Amino acid sequence: MSGNPQEEALEALAAARWRVAAGLTVATLVAYFGFILLVAFDKPLMGQQLTPGLSVGILLGAVVIVAAWALTGIYMLWANGKYDRALHQLRR
Amino acid sequence: MNPTTVSATQLGQPNATAIGFFVLFVCVTLAITYWAARKTKTTSEFFAAGGGVSALQNGFALAGDYMSAASFLGIAGLVATSGFDGLIYSVGWLVGWPVVTFLIAEPLRNLGKYTFADVVAYRLRQTPVRLSAAVGTLTVVSFYLIAQMVGAGNLIHMLFGLSYEVAVVIVGAVMILYVLFGGMIATTWVQIVKAVLLLGGATGLAGAVLYRFGFNPASLFNEAATRYGAQVLAPGALVSNPLETVSLGLALMFGTAGLPHILMRFYTVPDAKAARSSVFYATGLIGYFYLVTFILGFGASVLVGRQAITGVDKGGNMAAPMLAEVVGGTGFLGFISAVAFATILAVVAGLTLSGAAALSHDLWSSVVRKGQAPEHEQLKVARLASLLLGVLAIVLGVAFKGQNVAFMVGLAFAIAASANFPALLLSMAWRGFTTRGAVASMLTGAVSSVVLIFLSPTVQVDLLKNAGALFPLKNPGIITIPLAFIVGGIVSLLSPEREASSRFAEVKHRMHVGLGKPPPVAAVPSPATAETASTSSPTATPSKA
């Protein structure tokens, strides 16, 4: 029943969502496994202290946690804005 | 060197404050359950709180569902005894959440009703898919439940001095009351209350620690480094084998996106937008909690002392409660102990409810009754299943007394990541996915994880005391997750299913647009609307052909 243009719009929107989702998933993977690989292969670097007590490893670990949250935030901003607006158009 | 070491800790003595706080928590949550029971009249209310939970509430409930006593006490203990390495776990337990946000939360909310099998079975043949999905769900739930119940028994024994069996029975009985009478509404509120208590307790504890270090975490870390050597700030013995770490990382990351009790929570919100926002809140809360736990671990190693901590429990699990006693006296110790107890209750309630959904919704209503079961029967079966699982949890908890069950959490994540996640993702993203592909993927993931863990050093060497193990890795994720994807792909290609691919457009439409009208079950459902919703929902109807 839905006309062709509407189907196409949905197709494009679905593709866009998967692209954003896949991109952000890869970003998460890179951040996390980057951290893990540094932990595994560069212990001296991770043990280096930036200020007394704050090692590179601790800082990076905290950064990965914050980055993971920030990435979900980026997704939410995109989805609440652009994606939801396009969906709203489609629903009508 | 360690003047702050407590020689006479109150741990393990019946602590009046702890018991007082715990009784208060149980009374409040049972009152909530009483209130919730009067609002739980349909299956939708029982399993999904009628879809009436707000995004913020669900964010807290997700955090409460996920943050276990093991992560609170375990990570704090690991940091206290070995420093930096605990952070590797903290990060690992968190990074699954972005994946849930990006790939799972919204499509799941739009496509399913109570279980993740709703989504996988949407355009496939109901019976085989739901049977295999139930296998995945029930194994994950069982292993996770055993780990929690045994942990609860040990923990409460250590904290309150109660006998192991009594502790397991109390946890099981209270949890059964929540789930049986209050269903998802009560479980949600128990999880919210627990999350607030746990986050509040951890924050208070960390604040008390940091107060002594001028609110500068670096000077706390520095103090730990002066006392135990600079290696506490660098990776230690935990990561001796990079492959092992990556494998564990994969299982933690994708396992979170396949945990049935987590996935189920997305059905409690009204729409996809709320599902998306709720994971954002949950990720923030959980991330914050793990950062705070890291501080607690260092705080305990400096203010309590490693010797005192390992003197009470070799694994270091008592680091956080002992720290509470040092900074806040017996009262604070009692509060933190009660919080740990509450934490376990909230997690096992969520687990039991998701297992009950697999038993009653997937197996009974869809497979046995082919979607023809009337509403009152579904609800009755759901309650029966909850009771059954609750009793089973108590029995298993007692049966596994004294066993080392720590590996079971890893096993649960490995199965969730290999049996549930690949099939779930493929069913939403790939037109060519078929019934046989789904069944093959889920069973391969479940069986290969269980077999490889059985052959791993964790079971062969640590548990069975053999000299070596056939499979070198402790966590099989790096093999089993790709394997489940590959098997699912190949079997699907070999067994094309026209019905499944022709209905993909429908899946795609509903996955993104939702139903295009208010959610299937309105926030204030009457039995009549819930009835129509359940019969008109495609998840309850087998395929049209």
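User: Which residues of α6(B) meet which residues of α21(B)?
Analyst: Contact here means that two C-beta atoms, placed from the backbone, lie within 7 Å. On that basis Pro107(B), Asn110(B) and Leu111(B) in α6(B) meet Val507(B), Arg510(B) and Met511(B) in α21(B). By class, that contact has 4 nonpolar, 1 polar and 1 charged residues. The classes: Ala, Val, Leu, Ile, Met, Phe, Trp, Tyr, Cys and Pro are nonpolar, Asp, Glu, Lys and Arg are charged, and the others, Gly among them, are polar. Bear in mind that this is a predicted model, where local features need pLDDT of at least 70, side-chain atom pairs count only at pLDDT 80 or more, and totals for chains, interfaces and linings use all residues. Residues are numbered from 1 along each chain as its sequence is written, while chains are lettered from A and ligands numbered from 1 in the order in which they are written.

User: At what angle do α6(B) and α21(B) pack?
Analyst: Two packed helices are described by the angle between their axes and the distance between the axes. The axes are lines fitted to C-alpha atoms, for helices over the stretch in contact, with angles from 0 to 180 degrees between N-to-C directions. Helices are DSSP runs (H or I, at least four residues), as are strands (E, at least two), numbered from the N terminus. Here α6 (residues 96-111) and α21 (residues 504-513), both of chain B, pack at about 110° with their axes 7 Å apart. The two are therefore roughly perpendicular; the cut-offs are under 35 degrees for roughly parallel, over 145 for roughly antiparallel, 65 to 115 for roughly perpendicular, and oblique for the rest.

User: And how are α4(B) and α5(B) arranged?
Analyst: Their axes come within 7 Å and cross at roughly 150°, which makes α4(B) roughly antiparallel to α5(B). Ser71(B), Ile75(B), Leu78(B), Val79(B) and Ser82(B) in α4(B) meet Asp85(B), Gly86(B), Tyr89(B), Ser90(B) and Trp93(B) in α5(B).

User: Is α4(B) largely enclosed or open?
Analyst: Count C-beta neighbours, placed from the backbone: a residue is buried with 20 or more others within 10 Å, exposed with 12 or fewer, and partly exposed in between. In α4(B), 13 of the 14 residues are buried, so the rest of the structure largely encloses this helix. Just after α4(B), Gly83(B) takes a positive phi of about 75°.

User: Which residues other than glycine have a positive phi?
Analyst: Most residues other than glycine have a negative phi. Ala49(B) is buried, with 29 other C-beta atoms within 10 Å. Lys370(B) also has a positive phi of about 50°, and sits in the loop between α14 (319-368) and α15 (375-399) of chain B. With 13 C-beta neighbours inside 10 Å, Lys370(B) counts as partly exposed.

User: What does Ala234(B) touch?
Analyst: Leaving out residues up to four places away in sequence, Ala234(B) touches Lys43(A), Met46(A), Gly47(A), Ser55(A), Gly57(A) and Phe84(B). Ala234(B) is in the loop between α10 (217-228) and α11 (242-256) of chain B, and its 23 C-beta neighbours inside 10 Å make it buried.

User: How many residues of chain A are in contact with chain B?
Analyst: 45 residues of chain A are in contact with 44 residues of chain B. On the chain A side, α3(A) gives the most, with 19 residues.
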